[in-house]
Amino acid sequence: MTMTDTIPWAITAAQAARARPCPLCEAPPGAPCQRKPAGDHLARFLDAYTAGQLTRACMAAVVGELVVIDRSVIVQDGAR
Ligand SMILES: [Zn+2]
């Protein structure tokens, strides 16, 4: 990993997803689904995507980093 790997979409995607309540665990807007390490359910990203707040490219990038694809998977902060 280099500094250039820390690309803005990761921050944007996480913020867009976290701006909405989680449809799975009902974490309120602004709060992560999981505290340590901080991360959010994939369901939250899907929710933001279907609401048009996340681009297809962002969604593809998020999903592309996952080994297991399930709405209950936690997408960790900074793991991307
Ligand atoms: Zn959640």
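What average pLDDT does the chain reach, and what percentage of the residues score at least 70? The mean pLDDT (the predictor's confidence in each residue, from 0 to 100) is 85, and 82% of the residues score at least 70. The structure is a predicted model, in which local features need pLDDT of at least 70 and side-chain atom pairs count only at pLDDT 80 or more, while totals for chains, interfaces and linings use all residues. Residues are numbered from 1 along each chain as its sequence is written.

The chain contains 3 helices and 2 strands, arranged along the sequence as α-β-α-α-β; helices (H or I, at least four residues) and strands (E, at least two) are DSSP runs numbered from the N terminus. Confidence is lowest in H1, with a mean of 77, and highest in H2, at 95.

Of the 80 residues, 25% are buried, a residue being buried if 20 or more other C-beta atoms lie within 10 Å of its own, exposed if 12 or fewer, and partly exposed in between, with C-beta atoms placed from the backbone.

Met59 lies in helix H3 and counts as partly exposed because it has 19 C-beta neighbours inside 10 Å. Residues up to four places away in sequence aside, Met59 is in contact (C-beta atoms, placed from the backbone, within 7 Å) with Phe45, Tyr49 and Leu54.

Technical notes: Two residues are in contact if their C-beta atoms, placed from the backbone, lie within 7 Å.
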